[in-house]
Amino acid sequence: MSIFDRVTVRSGGNAEKYALRQKLFGTEDVLPMWVADMDIETPLCVRTAVMKRAEHPVYGYEEMPRSAFEAQCTWMATRHGVTMAPEELFFSHSVVASISAAIAAFTDPGDEVVVQPPIYPPFVSTVRHRGRRVLSNPLRQDEEGIYRFDLEGLEQQITPKTKLLLLCSPHNPVGRVWECTELEALAEICLRHGITVFADEIHSDLVFAGHKHTPFVSLGEAVRRITVTAIGPGKTFNVAGLAVSTVAITDTALRERFKAVYDTIHFAQGTVFGHAGFEAAYREGAAWLEALLGHLQGNIDRLADLTARFETIAFRPPEGTYLAWLDCRRMGFESDKALREFFIREARLGLSPGISFGREGSGFMRLNFAVPTPTMDEALYRLEGALQRL
């Protein structure tokens with residue numbers, strides 16, 4: 001049996017996706033497809049490395065090994081064609097923590113930080129927690145329903161206090177894998193206005209056929225000098241629980257500014273198991289990832305087939321990530337609360353409400369399809385039944 005056909009029980013423990021069902025949805029009787037981790041087994045190479053490290057009788061402080069950084073640099077060069085050096089990388093336990101440090105490093109209280117909703121909620125909340133102003137530059141859908149940057153709107157909004165732009169690439173929740181020309185146009189604006197770019201590229205390995213991820217830092221020497229990149233194995237290899245990622249800053253001056261804040265926060269160097277899993281994933285996980293992408297594409301196709309049979313949900317397959325952005329505006333619900341209740345009570349699915357990603361997400365729901373085949377079977381069965389009864 002393939003790992004993609006095997007259901008691993010996560011309920012009854014501390015798995016966030018399951019443990020918070022009662023709190024978030026008011027019932028345990030939902031299939032949780034909200035938080036962005038997989039219900040698919042972590043690669044064997046990672047589990048083997050972690051278990052081997054666990055055999056050592058001492059779990060004391062350790063430094064992130066250079067060999068782990070080197071493995072990631074090799075991965076980035078091989079898979080994405082971008083050159084990074086271990087000396088240019090910082091350990092971080094999470095992308096959100098990295099965003100917070102970048103806001104402190106590259107802006108002052110009262111400065112403006114650009115976000116592009118609908119967007120992962122901590123992009124907004126972290127800006128506010130740091131005492132900065134959110135400059136909202138919403139994405140726009142073209143006539144085909146494809147989300148695009150609103151570059152004209154951005155130009156009109158920028159002020160002398162606009163210092164940082166938070167780029168989500170590939171984009172969570174809408175699933176866009178930005179084309180090189182789109183990123184170049186965004187970069188030109190940021191260069192002209194002296195705006196630093198924090199590129200959250202944590203989903204960069206989860207890109208489907210016909211699309212190609214372009215690292216923002218790869219757009220040329222001038223862009224390299226304004227780019228901070230967040231990358232890591234958490235989404236790619238389902239190791240979010242190891243709490244390990246990196247911040248890559250190839251420009252010396254930018255890196256020194258970030259380090260000045262980084263050193264005050266005491267990020268430390270992570271866990272002994274995180275180090276082992278991180279290195280194993282980047283050294284040995286490529287074949288597993290290719291198999292995963294094929295499985296995820298199958299889940300996308302099946303969800304697309306179902307929604308195509310109903311006029312009530314519009315679904316444009318994502319170009320990247322394992323998150324489906326369901327347009328439910330034709331379902332006729334009077335509020336986002338009513339829409340959410342339909343999915344909980346009728347479909348018995350625990351999804352992320354689109355409104356949580358900003359008002360631009362009103363009428364949408366986000367579904368995580370990184371699940372084994374039997375789980376996807378059950379989700380589609382529940383959704384189809386609910387839509388038939390609507």
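Of the 17 residues in its lining, the closest to its centre are Gln 141, Gly 145, Tyr 147, Phe 315 and Arg 316. The model is predicted.

**Exercise 1.** Describe the lining of the second largest pocket by residue class and by strand.

*Solution.* Start with the classes. The lining divides into 9 nonpolar, 3 polar and 5 charged residues. Next, look for strands. Strand E11 (314–315) and strand E12 (323–327) each supply at least two lining residues.

**Exercise 2.** Now do this for the largest pocket: what is its volume, and which residues lie closest to its centre?

*Solution.* Take the volume to begin. It is about 1200 Å³. Then turn to the lining, which has 48 residues. The closest to the centre are Glu 16, Val 35, Ala 36, Lys 235 and Ala 240. By class, the lining divides into 26 nonpolar, 12 polar and 10 charged residues. Finally, find the elements. Helix H2 (21–25), helix H3, helix H5 (95–106) and strand E14 (352–353) each give at least two residues to this lining.

**Exercise 3.** Is Asp 39 buried or exposed, and which residues does Asp 39 touch?

*Solution.* Locate Asp 39 in the chain. It sits in the loop between strand E1 (31–32) and helix H3 (44–54). Check its accessibility. The relative value is 6%, and buried means under 20%, so Asp 39 is buried. List the contacts, leaving aside neighbours within four places in sequence. They are Arg 10, Lys 17, Tyr 18, Pro 32, Ala 370, Val 371 and Pro 372. Look again at Lys 17. Its side chain makes a polar contact of 3.5 Å with the side chain of Asp 39.

Technical notes: Residues are numbered from 1 along each chain as its sequence is written. This is a predicted model: local features need pLDDT of at least 70, side-chain atom pairs count only at pLDDT 80 or more; totals for chains, interfaces and linings use all residues. Side-chain values use heavy atoms; hydrogens and water are left out. Helices (H or I, at least four residues) and strands (E, at least two) are DSSP runs, numbered from the N terminus. Buried means under 20% relative accessible area, exposed over 50%, partly exposed in between (1.4 Å probe, protein chains only). A polar contact is a pair of N or O atoms within 3.5 Å; within protein, one must be able to donate a hydrogen and the other to accept it, and residues adjacent in sequence count only if both atoms are side-chain atoms. Contact means heavy atoms within 4.5 Å. On a 1 Å grid over the protein atoms alone, a cavity is a set of points where a 1.4 Å probe fits but cannot get out, and a pocket is an open set with protein on both sides within 12 Å along at least five of seven lines; lining residues have an atom within 4 Å of a point. Grid points are joined across faces, edges and corners, and a volume is the space filled by probe spheres set on the points. Ala, Val, Leu, Ile, Met, Phe, Trp, Tyr, Cys and Pro count as nonpolar, Asp, Glu, Lys and Arg as charged, and the others, Gly among them, as polar.
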